[in-house]
Amino acid sequence: MRASIVITTQNRQELLPDLIASCSSQIYHDLEILLYDDASSDATYDVALELSKADSRIKVHHSDKSSGLINARNNAYKIATGEVIIVIDDDARFSESETVQKIVSQFELSNEIGAVAIPHVDVEYNNRKWNEIPSNSDCDTYFITLNYIGTAHAIRKDVFIHLGGYPNYFERQEEELFVAYKLFKHDLRVSVVDASPILHYESPKRDLSKIMYYWSRNTIINVMTFYPILIALVYVILAPWIFIFNSKKKNALNESRYTSSIMKGCYDACKSYSRALFDNKYRLTYREFLRMRKIKGNVVCKSLPYK
């Protein structure tokens with residue numbers, strides 16, 4: 001099974017050497033490393049070309065016009081030659097050389113595995129851990145969760161294409177959950193691989209106001225698209241206060257403009273995308289919704305939620 005590590009980047013020339021070194025250290029034999037430069041204005045493309053000289057597995061693609069994060073990912077996934085797409089952000093790196101090998105082995109366990117969540121650590125946030133496999137479990141199959149995080153996951157390319165990729169109108173934030181709900185609806189699993197965590201050094205070049213806007217907007221779009229209709233309506237009504245409460249709880253709201261961004265995101269979701277409430281193509285039944293809630297935010301043995 002051929003695997004492609006896909007990295008989308010823009011104006012992050014200083015981060016590439018460590019990241020590419022960790023990719024090149026992977027021991028899996030049938031591997032492509034694809035770096036997609038989304039019209040960087042600095043020397044990112046030149047640095048990538050220079051790094052590619054040391055490893056023939058590295059392919060560099062440069063876009064002359066910036067298409068944004070989600071479009072860049074969609075385009076990069078189509079270009080990649082692997083059956084499995086392994087995604088890592090440009091501000092992260094692998095912490096062991098066997099990660100790709102373990103991911104491919106995870107997919108080979110079952111055709112019902114559509115995506116794989118990779119454990120990762122947010123180094124800049126007190127080493128906050130994501131998608132850890134329970135250490136004291138006697139699971140006889142494999143572990144699953146509902147969704148994966150953009151900076152640390154893998155997905156079957158044919159499944160991703162079949163599901164239509166990431167919605168371009170999301171632009172950023174919560175697009176992974178959109179695809180994860182579709183996987184769930186198609187009875188495909190997001191498995192969690194037992195591997196050393198990816199180290200995520202979140203870049204300081206982040207517009208938190210913009211992140212808050214798209215997070216709130218796209219979360220509501222996901223709810224309107226996938227939740228049972230009555231639950232979706234209640235959630236939409238309460239959403240602004242839920243988002244603000246959760247953000248304050250995480251100490252994210254240090255300025256009033258973030259509250260404004262959340263309110264605007266909620267308003268724009270309802271104003272421009274409320275049609276999602278009338279499209280039942282991927283809407284979960286109440287039974288599916290309850291089953292989904294058992295695994296959302298958790299890592300559990302595959303057999304448990306489906307008994």
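Modeller: The axes of helix H6 (residues 175-185) and helix H10 (residues 286-295) come within 12 Å and cross at roughly 120°. That makes H6 oblique to H10, since angles under 35 degrees count as roughly parallel, over 145 as roughly antiparallel, 65 to 115 as roughly perpendicular and the rest as oblique. Helices are DSSP runs (H or I, at least four residues), numbered from the N terminus. Axes are lines fitted to C-alpha atoms over the stretch in contact, and angles run from 0 to 180 degrees between N-to-C directions.

Biologist: Which residues in H6 and H10 meet?

Modeller: Tyr-181, Phe-184 and Lys-185 in H6 meet Glu-288, Arg-291, Met-292 and Ile-295 in H10, where contact means heavy atoms within 4.5 Å.

Biologist: Is this experimental or predicted?

Modeller: This is a predicted model: local features need pLDDT of at least 70, side-chain atom pairs count only at pLDDT 80 or more, and totals for chains, interfaces and linings use all residues. Residues are numbered from 1 along each chain as its sequence is written, and side-chain values use heavy atoms, with hydrogens and water left out.

Biologist: At what angle do H1 and H2 pack?

Modeller: Helix H1 (residues 16-24) and helix H2 (residues 44-52) pack at about 35°, with their axes 11 Å apart. Leu-16, Pro-17 and Ile-20 of H1 make the contact with Thr-44, Val-47, Ala-48 and Leu-51 of H2.

Biologist: Switching to aromatics, how many pairs?

Modeller: There are 15 aromatic pairs, with ring centres of Phe, Tyr and Trp (its six-membered ring) within 6.5 Å; planes under 30 degrees apart count as stacked, over 60 as edge-to-face and the rest as tilted. Tyr-77 and Phe-160 form an edge-to-face pair, 4.6 Å centre to centre with 65° between the planes. Tyr-77 lies in helix H3 (residues 69-79) and Phe-160 in helix H5 (residues 157-162), so the pair ties together parts 83 residues apart in sequence.

Biologist: Are Tyr-77 and Phe-160 buried or exposed?

Modeller: Both Tyr-77 and Phe-160 are buried, meaning under 20% relative accessible area, against over 50% for exposed and in between for partly exposed (1.4 Å probe, protein chains only).

Key: Helix = DSSP H or I, 4+ residues; strand = E, 2+ residues; numbered from the N terminus.
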